[in-house]
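Hello,

Here is the structure for you to look over. My notes follow below.

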Amino acid sequence: MIANYGYKDGSGDFFISIDTNKCMECEEKPCMEACPAGILEKFADDYNDVVVGVKEEHRKKIKYSCAECKPASGKRNLACQAACKPDAIAHTW
Amino acid sequence: MITAGIDVGNKNTRALILKDGEVLARSLVPSGFDQKKAARDVFDATLKRAGISEADVDYTMATGTGQEKVTFAHGRVTEVSSAARGAVKIFPGARTVIDVGAEEGRAIKTDEKGKVMDFAINEKCAAGTGSFVESMSRALEVTLEEMGPLSLNGENSVPMNAQCAVFAESEVISLIHSRIPKEDIAKSIHEAMASRISSMVRRVGIQKDVVMLGGVAYNKGFVEALEEDLELKLLIPEDYPEYISAFGAALVAVDKAGSK
Amino acid sequence: MVEVKEFWRWKEYNWKNPDIQWKDAAVITAGVDVGSVSSQAVVMCDNEIYAFANMRTGSDSPNGALNAMKWALEDTGMTLDDIHCKVGTGYGRVNVPFADRAITEIACHAKGANYMYGPTVRTIMDMGGQDCKAIRCDEKGKVVSFLMNDKCAAGTGRGMESFASLLGVSIEEVGELSLQVEEEPPPVSNTCVVFAKTEATGLLRSGWSTEKVLAAYCSAMAHRVVSLLERIGMEEDFAITGGIAKNVGVVSRLEKELGVKALKPRYDTQIAGAMGAALFAKALVEKGENR
Ligand code: SF4
Ligand code: SF4
């Protein structure tokens, strides 16, 4: 399953997409620790797969929660993506 | 030398006339549907106030989101450049400029000459702009001007869930129904807004001095919330913080006219 | 919790299938969908819908869930104890005291749509009063891809109502009125409801009729939905649920832009989530995991 967390508003599309088929194969879930904003959490989804998702309290402000990793210019450093070995995390912005 | 800066925003259009570094006159009209007409009208009004004619102006510089509508201008400069230029002129130590108007919010990193190094913009979503506070003041049934003083009297903030100006209105109404004091609600509104602006500012990196411009700079409640969030003091131009882009454009015009 | 007005006009009602004797059923399950505005309860006997109710949640969601459930069971003689498994869903799903499990509205909505529209449905666009969701699922109703947008009012009933109120039009009239234009105007350029209203004020001042402004807004909405569908990958068959399904102005423009017709449902689409929850409950019973 591709789970898209985030939103689309007047200023653009801000989604973090988790490919749960890849994510469920990963035991350690290093992305959770790697994220400086602590926005990812581990849970068993509706089909009982243990995967990560974006915490409820960040879903409506993800553009701001992730701002630190996305400077206006210069190098982006998406810690979650870098930590994810199966390449299960994508950002739409 | 006489120059003019014309700042065409989505909501208001402003003009400012500068003579040898002194502001001769300034004025504002709502941008309305016809920005071209607004630019013309505001320029004429400002000329009249300054007691000069268009022929006396050496260089007219347009800026703002509707800058291309100023057909009579000699040149154009982006609103980011003009804001940085104006801010550094007033506060030579300025390195970070926060400009929050009704329909956009900007954070700009500048060098000591007012040259833009980097910037980030909040726009097209009212929740990240001055319109947010305006919508909330309607829900609270107070004027926009009352929002600041009201919020400074707030003691406890309540968490605001909604990140959308429309949903936040419903949330504010239900907070009123549950008898939360208006002061506390106003405080929470400014804190919510400040956290969105501060995360935009962090994207360009915060370097002192930090200057705040734009119409929202008049709102003391918002300024206090933003200062707390950023953990620093903001410098705010004493006069007309919302005219700094027009002022900056008039300054850029001086350089241009000099090299003409 | 946030108290919100009722934005999509719907009636509180309950319904019972007269052809079913619940005492004869092998498996009885229930699903309760607790939304911020309304709550629905569905009771299923084996593979059939036996009863359902739809009512306002009120300010306290645990009671909202119980009230909806009690109302569905009204005059049936059935009690909560007769139900083998109960699943809660919706934004108040963790507040359903009698539920055996909580499952997200995304999974339940897909499962319910699979039942209501049949196994050929692959893409579901749900636009409710407070949020919208786009879901792609397989032939069993299992979610393949989804997104949910509850941050932005654009594309929700609340946003539509806020826009329509500027024009002095009630939300039920928007669709019909928006079709009364000779030529399709360009869509409203601002997505943001606040800025779209400012834009609309300008359009009216420049001589546009109310109908023309509504047409421009409905077509902007249709564009927005298409972009959400593109994000999850659109596949036929396609279904629209939620309040917006009743807005012909948006639906017809959406179908035109997609070049696809939306399926017609057999039931009130509002109960899709609760129905999915009842179906999940049934699967739990079959797997012996209902307690
Ligand atoms: S981009 Fe940064 S803040 Fe956002 S989820 Fe990834 S690691 Fe966390
Ligand atoms: S409707 Fe709300 S969330 Fe959407 S763009 Fe406008 S203020 Fe932002």
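Chain B and chain C have one residue pair in polar contact, with both residues at pLDDT 80 or more. A polar contact is a pair of N or O atoms within 3.5 Å; within protein, one must be able to donate a hydrogen and the other to accept it, and residues adjacent in sequence count only if both atoms are side-chain atoms. Salt bridges between the two chains number zero (side-chain nitrogen of Lys or Arg within 4 Å of a carboxyl oxygen of Asp or Glu).

This is a predicted model: local features need pLDDT of at least 70, side-chain atom pairs count only at pLDDT 80 or more, and totals for chains, interfaces and linings use all residues. Residues are numbered from 1 along each chain as its sequence is written, chains are lettered from A and ligands numbered from 1 in the order written, and side-chain values use heavy atoms, without hydrogens and water.

Chains B and C bury about 1,500 Å² between them, 69% of it on carbon and sulfur atoms (accessible area, 1.4 Å probe, lost on being put together, summed over both). B:Phe33, B:Val166 and B:Phe167 supply 40% of the area that chain B buries against chain C. The contact takes 18 residues from chain B and 20 residues from chain C (heavy atoms within 4.5 Å).

Now the ligand. Ligand 2 lies between chains A, B and C. Around ligand 2 there are 14 residues (a heavy atom within 4 Å). The closest are A:Gly10, B:Cys125, B:Cys164, C:Cys152 and C:Cys192.

Best regards

Terms used. Buried area = accessible area lost by both parts, 1.4 Å probe.
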